[in-house]
Amino acid sequence: SAAERGPTLGIKPSEPAPKPLPTAPRPTPVAPSPEPVRSAEELPQRPAAETTDIAQARFTAFLPRQAAVERWHSLLVYAHTPEMLDQIRSDAKRFAAELGGMPREVRDSHAAALKRGTLLTFTPQAEKVTFNPSSVTIAWWEDVHRLEFRFKAEAALANQAVNITITVSADPLIIAQLRGGLVFESPESVYAPSPFENEPVTTAPYRAEEIFVSYSHLDSEVAEACRNAYHALGYEVLMDVDKLRAGEQWNEGLKRLIERATIFQLFWSENSAKSEFCREEWRYALQTPRGRETNGVGFIRPVYWRKPMPTPPEELKHLHFAYVRLPRLNE
């Protein structure tokens with residue numbers, strides 16, 4: 001809904017420094033106001049070399065290292081081209097007061113080749129933490145997009161370390177996941193800021209020829225949604241998996257595809273939870289070298305599109321299950 005969408009701002013050298021936030025917490029979460037429409041003369045001019053349909057996208061987030069429970073704090077997320085990294089770091093420093101002094105930086109490990117105009121949804125999540133807005137969707141047009149979130153933790157998280165996961169998706173595909181840790185303390189605690197620190201996460205962007213899609217044959221809309229998403233990202237659609245899965249026969253061909261894949265995307269539903277073939281696939285994925293190295297983290301990416309999410313098996317409960325929206329099937 002419109003109330004859930006936050007602003008996405010291009011960085012302008014002439015933009016004034018933000019005013020410090022009040023020390024008292026905000027009484028209620030208020031969705032940020034949309035940025036005023038700028039005329040063509042005010043928009044940043046993109047160099048000729050960057051006007052192609054496909055552009056390299058990176059994702060970087062800045063968050064406090066420490067935060068007080070039951071108070072609102074800021075989280076910044078940037079979508080940007082690789083050469084803009086220094087510029088977004090300078091921009092983030094202007095928000096240092098809102099980020100508890102010197103914030104923590106987390107970013108993806110690789111650039112993703114995305115078609116200009118691709119819709120990207122950013123969703124921050126952490127247990128017992130409320131985010132405002134809950135998610136933001138943008139169109140990947142400019143070289144820099146800045147997204148602003150506010151978050152507040154429950155009192156039960158005092159004196160605990162918490163991981164915040166920011167999922168970037170071109171529904172239904174997860175493009176990247178950023179993970180950053182922070183410590184929640186009582187409101188009386190004093191921040192002890194540290195210098196900037198680069199902490200790239202170990203997730204890679206999608207490449208069409210390296211994805212294995214695991215789903216139940218009863219969820220036929222998933223395959224169609226994947227095709228639509230590949231088109232949106234500017235990829236050719238090569239769904240060899242469909243031919244190998246004919247008749248739902250588990251075979252050596254499927255094993256070879258899982259071994260070759262850099263991403264194992266599991267579409268989780270009531271159907272796939274009951275499917276013996278899906279179970280064979282994700283269990284085999286855990287046994288591959290990539291699966292064993294991190295116990296599936298970063299390699300196996302479970303997503304669901306129907307709520308409530310079916311309970312995952314014990315072997316997968318340590319993984320982050322991300323909610324995605326399936327695109328229209330007739331696109």
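Strand E2 (residues 54-63) is mostly covered, with eight of its ten residues buried. Buried here means under 20% relative accessible area, exposed means over 50%, and partly exposed lies in between (1.4 Å probe, protein chains only). Strands (E, at least two residues) and helices (H or I, at least four) are DSSP runs, numbered from the N terminus. The model is predicted: local features need pLDDT of at least 70, side-chain atom pairs count only at pLDDT 80 or more, and totals for chains, interfaces and linings use all residues. Residues are numbered from 1 along each chain as its sequence is written, and side-chain values use heavy atoms, with hydrogens and water left out.

Two strands count as paired if DSSP finds at least two bridges between them. E2 pairs in the antiparallel sense with strand E6 (residues 112-115) over four bridges, and Ala57 stands opposite Ala112 in E6. With strand E4 (residues 73-80), E2 forms an antiparallel pairing over five bridges; here Phe62 stands opposite Leu76. E2 also pairs with E5 in the antiparallel sense, over four bridges. In E5, Glu105 is the bridge partner of Phe62.

## Glu105 and its salt bridge

Glu105 is buried, at a relative accessible area of 1%. Its side chain meets that of Arg89 in a salt bridge (3.0 Å, N to O). Arg89 belongs to helix H1 (residues 85-93) and Glu105 to strand E5 (residues 104-107), so this pair ties together parts that are 16 residues apart in sequence. A salt bridge is a side-chain nitrogen of Lys or Arg within 4 Å of a carboxyl oxygen of Asp or Glu. By this rule the count is twelve salt bridges.

## Arg306 and Asp219

The side chains of Arg306 and Asp219 form a salt bridge (3.3 Å, N to O). Arg306 sits in the loop between strand E16 (300-304) and strand E17 (322-323), and Asp219 in the loop between strand E14 (211-214) and helix H2 (220-232), so the pair ties together parts that are 87 residues apart in sequence. Arg306 is partly exposed, at 40% relative accessibility, whereas Asp219 is buried, at 0%.

Another salt bridge joins the side chains of Arg283 and Glu315 (3.6 Å, N to O). This pair links distant parts of the chain, 32 residues apart: Arg283 is in helix H6 (residues 276-287) and Glu315 in the loop between E16 and E17. Arg283 is partly exposed at 37% relative accessibility, and Glu315 is partly exposed at 34%.

Salt bridges that share partners join Asp86, Arg89, Glu105 and Arg107 into one network.
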